[in-house]
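This report describes a predicted model. It covers the strand pairings, the helix packing, the ligand surroundings and a few loop residues.

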Amino acid sequence: MSHTVFLLASTRESGQVGNTEWLARRAAAQLPPDKRQTWLSLAHLQLPAFVDQRHTVGSYPPPEGDLRAVLDATLDATDLVLVAPVYWFSFPSPLKTVLDHWSAWLRVPDLDFKARMASKRLWLITTSGDRAKAQPMIDSTALCAAFLGMPLAGVLWGKGGPPDAVQADAEALAAADRLFGCSA
Ligand SMILES: Cc1cc2nc3c(=O)[nH]c(=O)nc-3n(C[C@H](O)[C@H](O)[C@H](O)COP(=O)(O)O)c2cc1C
């Protein structure tokens, strides 16, 4: 069964809906109602820092707590949507932390993370001050997808700024309405 998991990476305070989440929710409104959706706000979870023990211990135990919840949702997803504003031309740190943990999950015995990720589609929804500043993040996302053998199914960019700014980007709104159209 189709399960779309949205990893929200904005660090806006609890209760505030940022531009990127707003755009993602606009896109998600086009998903068929019987398709499962999970939304995880990474900045509001307790995510431990990644420790590089690839060349010492060489493996990692399965994660616990909130990080386990992120892993479980990721593995259960058919579609993984990174909902990430551009911070310094790159991913916000909560999402970068999760991506770094992918390097651990590749080394959890019997998890088979890489092969399981290859069966999922990756998506990116982002906002920033202007489109050119999002290019490094878009390129990073494409390279992450390629590394794990995941198709990058779609990229949506909108012009952000203060909360609600993206609502004035008519092109982004139209693209949001089309984004998941081909994935039903
Ligand atoms: C820490 C930080 C770094 C940012 N860096 C950039 C940047 O490099 N380029 C850019 O165009 N906008 C940058 N912005 C602006 C955000 O990308 C923009 O306001 C975005 O719409 C915020 O998304 P949100 O409302 O979903 O939180 C930055 C904002 C923050 C808070």
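## Sheet

V5 has T38 in β2 opposite it. That pair belongs to the pairing of β1 with strand β2 (residues 36–41), two strands that run parallel and are joined by six bridges. On the way from one to the other lies a helix: β1, α1 and β2 form a β-α-β unit, and the unit is right-handed.

Strand β1 (residues 3–8) also pairs with β3, in the parallel sense and over five bridges. Here L7 is opposite L82 in β3. β3 in turn is joined to β4 by five bridges, and these two strands run parallel. L82 has L124 as its bridge partner in β4, while V81 stands opposite W123 in β4.

Taken together, the strands form an open sheet of five with parallel pairing, in the order β2-β1-β3-β4-β5. β2 and β5 (152–159) are the edge strands, each of which pairs on one side only. From one strand to the next, the twist averages 15°.

## Strand β3 and its cover

Is strand β3 (residues 79–83) enclosed or open to the outside? Five of its five residues are buried, so the strand is largely enclosed by the rest of the structure. A residue is called buried here if 20 or more other C-beta atoms lie within 10 Å of its own. The burial applies to both faces of β3: D79, V81 and V83 are buried on one side, L80 and L82 on the other.

Helix α5 (residues 135–148) lies across β3, β4 and β5. The helix runs at about 170° to β4.

## Ligand surroundings

There are 19 residues around the ligand, and those that come nearest are G18, T20, P85, G129 and G160. By type, the shell divides into six nonpolar, nine polar and four charged residues.

Which elements supply at least two residues of this shell? They are α1 (19–28) and β4 (121–128). The largest share, three residues, comes from α1. α1 is also the helix of the right-handed unit with β1 and β2, and β4 is a neighbour of β3 in the sheet order.

## Loop residues

Most residues other than glycine have a negative phi.

The exposure of W88 and F89 can be read from their C-beta counts. W88 has 10 other C-beta atoms within 10 Å and is therefore exposed, the limit for that class being 12 or fewer. F89 has 13 other C-beta atoms within 10 Å, so F89 is partly exposed.

Q167 is located in another stretch, the loop between β5 and α6 (170–179). Because 14 other C-beta atoms lie within 10 Å, Q167 is partly exposed. How far apart are the C-alpha atoms of Q167 and W22? They are separated by 8.3 Å, although the two residues are 145 residues apart along the chain.

Definitions and conventions
Residues numbered from 1 in each chain as written. Predicted model: local features only at pLDDT ≥ 70, side-chain atom pairs only at ≥ 80, totals over all residues. Near = placed C-beta within 6 Å. Helix = DSSP H or I, 4+ residues; strand = E, 2+ residues; numbered from the N terminus. Nonpolar A, V, L, I, M, F, W, Y, C, P; charged D, E, K, R; others polar. Pairing = 2+ DSSP bridges. Right-handed = clockwise from strand over helix to strand, strands pointing away. Axes fitted to C-alpha atoms, helices over the stretch in contact; angles between N-to-C directions. Contact = placed C-beta atoms within 7 Å.
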